Number of protein chains: 2
Amino acid sequence: MKDRYLDFVNSPFGTSIARSLGLPRPEVLRRHRADQAEFGGMAAIGAGPSPTLFDALLGVLATIGMTGVAHESAYGWLPAAARHGVMSGRFEPRSGDAHAVDRVQALIFDATGIEHSSQLHSLYAFFHDALRSLAKNGRIVVIGRPPATCASVAAATAQHALEGMTRSLGKEARNGITSNLLRVAEGADIDAALRFFLSPRSAYVSGQVVTIDAPSTSPESWTKPLAGRRALVTGAARGIGAAISAVLAEHGAIVTGLDVEAVRGALDQTMLAIEDAAPSAGAHAALVADIAAPEAPSQIAAALAASGGIDIVVHNAGITRDKTIARMSGEMWDSVIDVNLLAQERIDEALLEAHVLRDGGRIVAVSSIAGIAGNRGQTNYATSKAGVIGRVRAMAPVLRARGVTINAVAPGFIETHMTARMPFGLREAGRRLNSMGQGGLPVDVAETVAWLASPGSAGITGNVVRVCGQSLIGA
Amino acid sequence: MKDRYLDFVNSPFGTSIARSLGLPRPEVLRRHRADQAEFGGMAAIGAGPSPTLFDALLGVLATIGMTGVAHESAYGWLPAAARHGVMSGRFEPRSGDAHAVDRVQALIFDATGIEHSSQLHSLYAFFHDALRSLAKNGRIVVIGRPPATCASVAAATAQHALEGMTRSLGKEARNGITSNLLRVAEGADIDAALRFFLSPRSAYVSGQVVTIDAPSTSPESWTKPLAGRRALVTGAARGIGAAISAVLAEHGAIVTGLDVEAVRGALDQTMLAIEDAAPSAGAHAALVADIAAPEAPSQIAAALAASGGIDIVVHNAGITRDKTIARMSGEMWDSVIDVNLLAQERIDEALLEAHVLRDGGRIVAVSSIAGIAGNRGQTNYATSKAGVIGRVRAMAPVLRARGVTINAVAPGFIETHMTARMPFGLREAGRRLNSMGQGGLPVDVAETVAWLASPGSAGITGNVVRVCGQSLIGA
């Protein structure tokens with residue numbers, strides 16, 4: 001579970017060894033800590049013609065205490081800055097030896113007005129000047145439009161082209177820098193998504209494309225966005241599920257952690273630790289159930305209805321039974337499909353039918369990169385996880401009428417007790433074959449879930465967000 | 001350009017060395033040869049409940065001279081086989097030491113009737129029994145429905161889950177075996193796609209998902225499906241463009257190969273060689289033009305109109321100007337966007353406006369894996385190639401009214417003079433990081449283009465087909 005290579009090359013002694021041998025030195029990722037400010041410093045802003053989200057962008061920066069400076073090519077910046085009364089400096093690229101500006105913490109580009117691929121030059125101009133000024137663990141956020149909403153083929157083309165730019169920047173930047181693309185439909189809100197992607201909470205989320213296509217409301221509190229919300233997390237005893245439960249509670253949610261009888265002890269300990277860290281006057285609860293059991297859905301629905309219903313469902317419980325298909329037993333196939341996919345269908349059906357999951361609720365399902373790319377020895381697992389993605393896409397339009405969103409997170413290589421048991425070569429490959437040069441932590445998945453579960457994410461549904469450090473692996 | 005490792009481990013001496021050292025031994029891929037039968041042998045057939053494409057499937061197998069045998073779980077097989085008067089054997093899995101059946105050349109699974117993920121067990125049952133019976137260079141084809149057309153969320157979920165299965169099978173099978181998923185809407189025709197994916201012509205296409213959503217007509221001849229069609233191929237002098245021109249001509253098309261003045265000699269030689277191999281009574285033509293020039297579109301349109309218009313446009317011309325963005329000049333950015341993306345827009349506009357591209361025509365654009373995954377040092381190239389994908393998606397619905405299809409092919413690592421100049425480590429990684437364990441050849445891209453350009457592919461539009469041997473790399 002411990003990445004000794006990462007520790008070594010970032011130790012005082014290891015750093016010089018790594019340098020002299022020319023070894024790669026993955027950055028120690030900056031993650032959210034309660035005792036450190038989440039935001040701060042400067043964000044350099046670029047824009048194509050007719051940027052439409054300057055005002056929204058400046059509103060977010062002002063709220064989180066970051067200073068915006070605009071690249072010289074960002075027309076429309078000065079009037080927008082004046083409207084917001086914010087500092088309206090001009091970003092100057094670092095020249096050869098002088099330090100014209102301090103390092104900036106973020107590069108944000110408003111590409112919403114780009115309607116023709118010739119205008120993509122504005123991205124080149126900005127990132128050519130600015131990329132080297134971005135601090136370690138910095139953030140790149142490109143904001144565009146969903147191609148399907150564009151008025152012309154040429155605009156849809158240029159908007160889709162942003163994917164290639166954003167992903168290439170993520171692969172070039174390194175140093176713990178993430179690069180993501182937000183596709184924002186007209187009238188949709190960027191606040192929650194922009195905050196997430198500027199925050200250390202998104203440390204292991206890079207190379208992603210997120211579509212926001214409906215308005216949202218800001219939470220009453222950005223520090224406790226889930227205050228008063230009730231959440232169910234399956235597979236909560238350990239690993240990623242325990243991390244999700246803890247982060248949801250930290251964000252203010254009252255969490256019911258569910259797991260099977262066999263890990264009742266671990267589940268109780270997890271929930272006690274959460275109560276200690278994020279007290280709920282005892283309202284956090286452990287629920288022991290086997291989600292594969294036929295009676296589980298009604299049993300879970302009844303238990304949650306008794307406490308007044310819930311707002312958030314996180315389908316995290318999952319199992320692996322790895323074998324090549326010729327050696328796989330029928331039971332290994334069936335149990336993986338049942339726990340990882342069918343149980344989600346049955347539980348959601350029970351919760352939605354009886355309105356135990358309230359209108360305006362959130363469903364977040366844990367998929368996997370294997371569900372996107374397939375994996376040797378995991379036909380059952382990859383099929384189940386691809387099914388999770390299919391389900392999220394198909395359910396999203398159905399649930400819109402109730403204001404319920406459904407999204408998937410797809411973890412890449414995350415350091416858990418499962419990966420700790422992998423053969424050395426496979427584990428090292430998993431750790432290094434991504435833009436961060438290291439595995440992620442369960443908390444990285446948890447933070448992503450919490451963002452998707454928040455009130456501010458009302459406009460995000462049917463998305464699949466990989467938590468993979470921009471893994472090389474895909475399809 | 002030569003893969004010495006592949007040659008070595010498949011030489012008589014190298015084979016034993018590779019075995020004793022435990023080195024991977026990539027299969028020498030079987031490609032189409034005029035002096036070898038394209039199809040033959042047995043195809044084992046599996047099916048979920050209520051398979052709807054048995055008749056279509058059997059029709060294709062009968063036409064191409066393959067024998068179908070059904071897995072015991074394939075209900076509905078015997079009546080279908082009787083209707084077609086084909087051999088209707090039962091597939092029996094090879095037991096431990098006995099050879100119950102000969103190797104089969106293809107495994108085909110009709111999953112169109114699957115409406116619930118519990119029914120995915122039928123795929124397990126079939127591939128568990130049959131995968132080890134598949135010959136080297138064999139073919140796996142799974143046939144399902146487009147999730148968006150499914151009547152229920154559960155059906156859409158199960159249909160999407162097929163992706164995970166198909167891709168995992170591709171990663172497990174190795175030995176030059178390809179695995180692909182066809183999503184066939186009701187009323188759409190599978191003939192051309194099924195033939196392509198069963199043929200040696202698709203040797204380097206694996207892990208792909210193709211949607212067929214409209215009816216089609218069979219070509220008058222399957223050996224010369226492009227007979228009488230006129231095609232424009234840009235960047236035709238060398239490499240992939242020359243291969244595309246040759247394969248289109250072999251399929252019966254009359255080809256106009258376009259390239260720039262600087263390679264006029266190579267272009268003339270290429271077109272002469274094509275005339276030798278696939279005589280057109282001198283109708284194959286070389287057209288010298290710089291597609292980046294402002295006058296090029298009207299000049300090209302005029303030249304093609306003079307010979308009566310065209311049916312097929314292949315946008316293959318492309319350039320790379322690689323540098324990290326901080327070191328990239330504005331000219332390097334602009335020229336790559338212009339040649340790789342904007343020129344396609346301008347040329348199509350000119351050809352479509354004047355109806356030089358006839359109704360029922362075909363546009364095939366060459367994208368790249370870099371356009372999907374992004375690439376370090378290729379912000380310009382990846383942006384342009386992502387734009388190509390965006391353009392194909394946005395144009396497809398617009399062009400339906402004219403019966404014109406537009407699709408993209410996205411090559412992975414293809415052995416050309418460009419890859420021959422790559423540093424050794426990068427080149428070896430590109431060659432090995434895919435399910436075939438080797439790079440593809442220009443002809444592999446060309447065969448894919450020819451299939452998409454054929455009359456039988458009328459139901460395929462807005463697709464992106466990777467020609468990458470199921471590269472590990474993606475997004």
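This is a predicted model: local features need pLDDT of at least 70, side-chain atom pairs count only at pLDDT 80 or more; totals for chains, interfaces and linings use all residues.
**Who takes part**
- Chain A brings 66 residues to the contact, and chain B brings 66 residues too.
- On the chain A side, A:Y124, A:E172 and A:I325 lose the most area to chain B, and together they make up 12% of what that side buries.

**What holds the polar side of things**
- Look for polar contacts and you'll find 34 residue pairs between chain A and chain B, counting pairs with both residues at pLDDT 80 or more.
- Look for salt bridges across the interface of chain A and chain B, and the count is zero.

**Which parts of chain A touch chain B**
- Five elements are listed as giving two or more residues to this side of chain A: α5 (121–130), α6 (153–173), α11 (330–353), α12 (369–373) and α13 (379–399).
- The largest share comes from α6(A), which supplies 14 residues.
- By type, the chain A residues that touch chain B split into 29 nonpolar, 23 polar and 14 charged.

**A labelled stretch of chain A**
- UniProt, in an unreviewed entry, lists residues 229–417 of chain A as "domain: Ketoreductase".
- Over residues 229–417, chain A is 47% helix and 20% strand.
- The end C-alpha atoms of that stretch sit 30 Å apart.

Key. Residues are numbered from 1 along each chain as its sequence is written. Chains are lettered from A and ligands numbered from 1 in the order in which they are written. Side-chain values use heavy atoms; hydrogens and water are left out. Contact means heavy atoms within 4.5 Å. Buried area is the accessible area (1.4 Å probe) that two parts lose on being put together, summed over both. A salt bridge is a side-chain nitrogen of Lys or Arg within 4 Å of a carboxyl oxygen of Asp or Glu. A polar contact is a pair of N or O atoms within 3.5 Å; within protein, one must be able to donate a hydrogen and the other to accept it, and residues adjacent in sequence count only if both atoms are side-chain atoms. Helices (H or I, at least four residues) and strands (E, at least two) are DSSP runs, numbered from the N terminus. Ala, Val, Leu, Ile, Met, Phe, Trp, Tyr, Cys and Pro count as nonpolar, Asp, Glu, Lys and Arg as charged, and the others, Gly among them, as polar. UniProt positions are given in the numbering used here, feature names are shortened, and annotations may be inferred rather than shown by experiment.
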